[in-house]
Amino acid sequence: RYRRLLELSSALPSRTRHIVAADKVEVLRKELADNRATLAHYDEAAVALERNRRDLDVADVLGKMIGLEPDNPVFHARRAETLCRLGRVDEALPVFRSAAAVLTELERPSDVLRVLERILHFRADVEDSRVAARLYLERGAEQDPMRALAKLQPCIAADPEDLDALLLLARAFDAMK
């Protein structure tokens, strides 16, 4: 791409402007390569620390990795699991939710469900339960209506007049027919 950009810039009338653009592309490519190299080093360190059961240090390294690449759901999930091993579930839940948000943006609903199941394993939250139920109903596998029904129980228990939960409940019963 860079070579092609240089070729185009020499053929275009405002050559200076395009050469500046080509230089900026080259700088971005170098920054990206440096970023990837840094992430690779951090990942190696995190794996080594995990092997040595130094979870506190692993959580710190994974936090740095998230800072460099916040849209990588794997880093969020790994950090959340590490925090859970440390017994810091209250800190882990927002990190799990960040992973779920990134996976939602990437349109990976089955992976979002896995993350939500981990969250609900630690704490039954009404909003997380409602989202999980909706995703199960959208996925529509054979057992998914029953799974959705199970996820809706805390929602109905918390607020029997929650219209969103009641609508999902009706969809779950319809899907079971």
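Is the crossing of H7 and H8 left-handed or right-handed? The crossing of H7 and H8 is left-handed, a term used where the near helix is turned anticlockwise from the far one by less than a right angle.

**Figure 1. Overview of the predicted protein chain.** This is a predicted model in which local features need pLDDT of at least 70 and side-chain atom pairs count only at pLDDT 80 or more, while totals for chains, interfaces and linings use all residues. Residues are numbered from 1 along each chain as its sequence is written, and side-chain values use heavy atoms, with hydrogens and water left out. The protein chain has nine helices and zero strands (DSSP runs, H or I of at least four residues for helices and E of at least two for strands, numbered from the N terminus).

**Figure 2. The packing of helix H7 (residues 126-139) with H8.** The two helices pack at an angle of about 155°, with their axes 8 Å apart (axes are lines fitted to C-alpha atoms over the stretch in contact, and angles run from 0 to 180 degrees between N-to-C directions). H7 and H8 are therefore roughly antiparallel, the term for angles over 145 degrees. The contact (heavy atoms within 4.5 Å) includes Arg130 and Tyr136 of H7 and Lys151 and Leu152 of H8.

**Figure 3. Asp162 in the loop between helix H8 (144-158) and helix H9 (163-176).** Asp162 counts as buried because its relative accessibility is 10%, where buried means under 20% relative accessible area (1.4 Å probe, protein chains only). The side chain of Asp162 reaches the backbone nitrogen of Asp164 at 3.1 Å.

Notes
Buried means under 20% relative accessible area, exposed over 50%, partly exposed in between (1.4 Å probe, protein chains only). A polar contact is a pair of N or O atoms within 3.5 Å; within protein, one must be able to donate a hydrogen and the other to accept it, and residues adjacent in sequence count only if both atoms are side-chain atoms. Angles under 35 degrees count as roughly parallel, over 145 as roughly antiparallel, 65 to 115 as roughly perpendicular and the rest as oblique.
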